[in-house]
Amino acid sequence: MSNADFSSLPLNPSLIENLASLDYHRMTDIQARSLPTILEGKDLIAQAKTGSGKTAAFGLGLLQHLQVKRFRIQSLVLCPTRELADQVAKELRRLARSIHNIKVLTLCGGMPFGPQIGSLQHGAHIVVGTPGRIEEHLRKGTLRLDDLNLLVLDEADRMLDMGFQDALDAIIANTPSDRQTLLFSATYPDQIRAIAQRVMQDPVMVKVEDRH
Ligand code: ADP
Ligand code: MG
């Protein structure tokens with residue numbers, strides 16, 4: 001059975017129109033299973049393989065909840081590498097095309113600090129970045145996350161494999177405790193189970209099996 005289309009969701013009509021213009025008509029499995037929970041504001045752990053459409057799953061939740069007139073960092077997406085962060089930022093900008101003046105900023109390691117600090121002074125609604133660099137900005141006081149209401153850990157298993165556990169903990173300690181937290185991972189090892197127990201509140205678990 002194919003999934004429902006996006007118009008069955010409580011999404012802003014301009015987001016739905018933009019999805020049609022991107023040729024996104026039906027939800028992928030992970031989107032159909034996770035978006036209702038995400039839009040209710042609940043914490044979520046989603047396990048699904050690469051290419052299943054996870055970015056739009058959290059991206060639509062993030063954009064639906066965003067208050068454009070409040071020019072504060074409201075969402076943070078953490079990714080394992082600069083390449084993945086750039087891909088996520090690009091997809092978020094595409095999904096946000098119909099909303100005017102949304103600022104998505106990427107903050108990744110391997111890039112000079114100066115321009116990032118300048119961009120942070122100009123402000124953003126959404127930050128996408130790698131854990132090491134985000135933590136450095138928090139430590140230097142060049143980034144504050146007091147207004148954050150949504151945290152996304154994308155490819156969480158890979159971030160832990162890369163040794164980002166301490167950076168993740170430090171970042172999470174700098175976010176409001178009443179935030180919504182979404183965790184996406186291809187696998188669900190004990191290390192993920194442990195971090196979920198520490199940083200999430202009654203998370204809904206969704207697992208999309210591979211189709212053979
Ligand atoms: P993942 O993060 O799960 O690896 P992505 O979010 O990168 O997957 O999505 C994979 C591809 O599928 C992207 O090219 C994206 O534009 C496309 N895509 C996502 N959702 C849909 C949809 N509902 N309909 C059509 N294409 C989609
Ligand atoms: Mg992805």
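Analyst: Helices and strands here are DSSP runs numbered from the N terminus, where a helix is H or I over at least four residues and a strand is E over at least two. The model is predicted, so local features need pLDDT of at least 70 and side-chain atom pairs count only at pLDDT 80 or more, while totals for chains, interfaces and linings use all residues. Residues are numbered from 1 along each chain as its sequence is written, and chains are lettered from A and ligands numbered from 1 in the order in which they are written.

Around ligand 1 stand Tyr-24, Met-27, Thr-28, Gln-31, Thr-50, Gly-51, Ser-52, Gly-53, Lys-54, Thr-55 and Ala-56, each having its C-beta atom, placed from the backbone, within 6 Å of the ligand. The greatest contribution to this shell, three residues, comes from helix 3 (residues 54-65). By residue class the shell holds three nonpolar, seven polar and one charged, where Ala, Val, Leu, Ile, Met, Phe, Trp, Tyr, Cys and Pro count as nonpolar, Asp, Glu, Lys and Arg as charged, and the others, Gly among them, as polar.

Gln-31, one of the shell residues, also belongs to the buried set of helix 2, together with Ile-30, Ala-32, Ser-34, Leu-35 and Ile-38; buried means 20 or more other C-beta atoms within 10 Å of a residue's own, exposed 12 or fewer, and partly exposed in between, with C-beta atoms placed from the backbone. These buried residues pack against strand 1, helix 3, strand 6 and strand 7, a contact being two C-beta atoms, placed from the backbone, that lie within 7 Å. After helix 2 comes Gly-41, with a positive phi near 85°.

In strand 1, Leu-44 and Ala-46 point one way and Ile-45 and Gln-47 the other, yet all are buried. Strand 1 runs parallel to strand 6 over four bridges, and four bridges likewise join strand 1 to strand 7, again in parallel; pairing requires that DSSP finds at least two bridges between the strands. Leu-44 has Leu-182 as its bridge partner in strand 6 and stands opposite Val-204 in strand 7. On strand 6, Leu-182 is also the bridge partner of Val-152, within the parallel pairing of strand 5 (residues 150-153) and strand 6 (residues 180-185) over four bridges.

These pairings belong to an open sheet of seven strands, ordered 3-4-2-5-6-1-7 with parallel pairing. Strand 3 (104-107) and strand 7 (204-207) form the edges, each pairing on one side only. Neighbouring strands of the sheet are turned by 15° against each other on average, direction ignored, with axes fitted to C-alpha atoms, for helices over the stretch in contact, and angles taken from 0 to 180 degrees between N-to-C directions. Helix 2 (residues 29-39) packs on this sheet, where it touches strand 1 (44-47), strand 6 and strand 7, and its direction makes about 175° with that of strand 1.

Further out, helix 6 (residues 131-140) has Pro-131, Arg-133, Ile-134, Glu-135 and His-137 buried. Their cover includes strand 2 (75-78), strand 3, strand 4 (126-129), helix 7 and helix 8 (165-173). Just after helix 6, Gly-141 takes a positive phi of about 80°. Asp-161 lies in helix 7 (residues 156-161) and counts as partly exposed because it has 14 C-beta neighbours inside 10 Å.
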